[in-house]
Amino acid sequence: MPESTPATFRAMLLRDGKPPRVLTLPSRLDVPPNRVRIPAEFAGASAFDVFELADDRAWPAEATYQLVATIPRSTEDVPPETRAEWDVTDLDSDEEPLG
């Protein structure tokens, strides 16, 4: 009988200079997601932290992710010169558009 994928996995979220944060997330695939996004704050505004897959050797029980960016949900209040530095299309998923 083939092994089934567990319903959840542990996501170890790493950010420089801070202890790892552990989340239990749903597991719907046989591979870990490439990115994990969680709610955050950016300059007092609603945002999300984007973590990219760094290590999947413990999959399907666990996967480790590294913070790559904090993206505001709206860039209207961000200065244009700062906005130009971001390639937000590369960090956004197809499931939830920015804006």
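Phe9 and Trp59 are both buried, where buried means under 20% relative accessible area, exposed over 50% and partly exposed in between, with a 1.4 Å probe and protein chains only. Before going on, some ground rules: this is a predicted model, in which local features need pLDDT of at least 70, side-chain atom pairs count only at pLDDT 80 or more, and totals for chains, interfaces and linings use all residues. Residues are numbered from 1 along each chain as its sequence is written, and side-chain values use heavy atoms, with hydrogens and water left out.

Back to the two rings. The structure holds one aromatic pair, and Phe9 and Trp59 form it, edge-to-face. For pairing, ring centres of Phe, Tyr and Trp (its six-membered ring) must lie within 6.5 Å; planes under 30 degrees apart count as stacked, over 60 as edge-to-face and the rest as tilted. Phe9 sits in strand β1 and Trp59 in the loop between β4 (45–55) and β5, so the pair ties together parts that are 50 residues apart in sequence.

| Residues | Distance |
|---|---|
| Phe9 and Trp59 | 4.9 Å centre to centre, 65° between the planes |
| Arg37 and Phe48 | 4.4 Å from the ring centre, Arg37 over the face of Phe48 |
| Leu23 and Ile38 | 10.0 Å between C-alpha atoms |

Now the core. The largest nonpolar core has 10 residues, including Phe9, Leu23, Ile38 and Trp59; such a core is a set of buried Ala, Val, Leu, Ile, Met, Phe, Trp, Tyr and Cys residues joined through side-chain atoms within 4.5 Å. Strands β1 (8–14), β3 (35–42) and β5 (62–72) each supply at least two of its residues, and β1 gives the largest share, three residues.

Leu23 lies in strand β2 (residues 21–26). Leaving aside neighbours within four places in sequence, Leu23 is in contact (heavy atoms within 4.5 Å) with Phe9, Arg10, Ala11, Leu13 and Ile38. With that exclusion again, Trp59 is in contact with Phe9, Ser27, Leu29, Asp30, Val31 and Pro32.

Zooming out, the elements of the protein chain run β-β-β-β-β-α-α from the N terminus; helices (H or I, at least four residues) and strands (E, at least two) are DSSP runs, numbered from the N terminus. Of the 99 residues, 25% count as buried.

Note on methods
Lys NZ or Arg CZ within 6 Å of the ring centre and 35° of its normal.
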